[in-house]
Amino acid sequence: MLQVRRLFCDERSCRRRTFAEQVPGLTVRHGRKTPLLVEFLRSIAVAVAGRAGARLAGALCAVASRSTLLRLVMVVPDPAAPTPRVLGVDDFAIKRGHRYGTVLIDGETGAPLELLQGRDAAVLADGLTAHPGVEVICRDRSGAYAEGARSGAPEAIQVADRWHLWANLVKAVEKCVAAHRSCLPEPALPEPAVEGPALEGPGGDWELQPTAPLEAAAPEPAGKFAERARRHHTQVHQLLAGGYAIRAIARHLGWGWHTVQRYARAASWQDLAEGRWQAPRASMLDPFKPHLHQRLDEGCGNVTGLFREIRALGYTGSYSNLRDHLAGQRPAKTPLATPAPSVREVTGWLTRHPDSLTEDERPQLKALLERCPELELANQHIRAFAAMLTQLSGHDLPRWISDAHAAGLPGVSSFAKGLEQDLDAVTAGLTGRWNSGPVEGRVNHIKMIKRQMFGRAGLPLLRKRILLTAQHT
């Protein structure tokens with residue numbers, strides 16, 4: 001039970017006649033919700049936004065509309081954002097392919113500082129002006145961000161991200177491999193020379209004479225299956241010699257009639273054990289096979305047409321029976337040669353860690369590098385750059401750039417020329433510990449919030465939710 005006082009003003013000129021006593025922490029003037037309920041609904045709205053928040057609030061017996069929830073979010077003040085020492089910069093899609101924005105984060109804590117409309121140099125310069133005192137700026141290879149960083153924070157050290165450096169190198173290597181596409185297929189093997197004495201036959205043609213002795217007679221089959229075939233074959237033929245019919249033998253032995261028939265028709269048990277014998281089977285196609293073979297010799301290979309012809313001649317079997325028979329009459333096709341690796345496959349072989357290559361890929365890559373000196377040279381440059389990237393030995397970068405220029409490889413030389421234009425930032429990226437990993441993670445957070453709102457939120461609401469939800473992530 002709560003009792004509050006209702007007060008009045010006895011000044012006749014005062015327009016407010018009466019007013020109620022307020023309870024701190026429980027009531028507010030003109031408020032239809034308690035501060036506790038407002039904070040409860042605001043937390044729901046920050047977590048799951050409008051429609052989903054309204055459904056969740058209704059399930060928790062705190063009915064509120066989606067508009068009310070969004071209004072509660074938008075009136076929350078932005079969290080305090082002190083100027084960071086290390087700033088992460090990256091772009092994100094507001095509407096993919098149409099509108100983009102720029103996100104600024106604290107490179108040390110990963111907390112977002114600001115979401116800006118656009119991704120050109122002026123946008124970043126304005127954002128840096130609003131946060132003076134930044135010492136390090138982690139960015140990708142974008143020229144707009146490089147210019148914006150120079151304009152907004154000329155004293156800050158720019159750091160080019162290592163992941164983006166490697167991604168740029170992969171694209172350059174792909175151009176290099178595409179320029180040497182003719183080296184990818186394996187060379188055709190020469191036909192083996194025929195060895196051995198040759199004699200001229202009666203027709204004037206040269207015929208090879210056998211130089212090896214004839215193959216020795218194959219040994220008799222052995223094993224439990226061969227022993228069973230020998231025993232059953234002997235048993236069946238003894239009963240046949242005693243005058244028993246096949247059906248009587250089947251009933252006596254408890255076997256199937258066809259099983260007894262197969263043993264009875266086999267001349268020897270070795271044929272059964274080796275699988276050389278097959279019971280002759282009559283086919284409905286047998287009377288029509290001479291006609292089919294004649295038509296095949298004439299060049300007619302249309303199964304449907306041949307089926308109509310033999311149906312007119314009296315064939316009553318199925319189409320599939322004819323199709324299977326003709327499939328066995330066609331000459332065997334020459335097996336296709338192994339396809340050459342694609343440009344993307346070879347690019348992956350060259351840019352992946354050697355330990356991650358499979359047992360089949362290693363010999364293919366080795367053979368390719370042996371027959372293409374240009375790709376072998378490119379592989380050496382790739383490994384040297386990977387060593388700088390993983391060991392943070394950026395002091396070797398000028399020598400690597402000069403070597404890549406001297407090599408004259410398509411793509412790789414252009415990549416080296418681009419590094420010269422951004423040499424300080426690339427060197428800092430290959431020597432220091434800072435990178436754009438935290439800002440890439442924040443971009444994934446932005447994508448998650450966008451999907452949660454079906455991509456329909458404008459930048460003000462998206463910005464507010466990113467800044468508020470980051471306090472709990």
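Residues were classed as buried under 20% relative accessible area, exposed over 50%, and partly exposed in between (1.4 Å probe, protein chains only). Helices are DSSP runs (H or I, at least four residues), numbered from the N terminus. The structure is a predicted model, in which local features need pLDDT of at least 70, side-chain atom pairs count only at pLDDT 80 or more, and totals for chains, interfaces and linings use all residues. Residues are numbered from 1 along each chain as its sequence is written, and side-chain values use heavy atoms, with hydrogens and water left out.

Helix α13 spans residues 319-329, and its buried residues are Leu322, His325 and Leu326. These fall within an arc of 95° seen down the axis of α13, so they line one face of the helix. The arc is taken over the directions from the helix axis to the C-beta atoms. Asp324 and Gly328 are exposed, on the face of α13 turned away from its buried side. The buried residues of α13 pack against α11 (289-297) and α12 (303-312).

Leu296 belongs to helix α11. Its relative accessibility is 28%, so Leu296 counts as partly exposed. Beyond neighbours within four places in sequence, Leu296 is in contact (heavy atoms within 4.5 Å) with Gly301, Leu306, Leu326 and Gln329. Leu296 and Leu306 are 10 residues apart along the chain, and their C-alpha atoms are separated by 9.3 Å.

The chain averages 84, and 88% of the residues score at least 70. Over residues 194-216 the pLDDT is below 50, and this stretch has 15 contacts in the model beyond near neighbours in sequence. Where pLDDT is low, the predicted coordinates should not be read in detail.

Notes. Helix = DSSP H or I, 4+ residues; strand = E, 2+ residues; numbered from the N terminus. pLDDT = per-residue confidence, 0-100.
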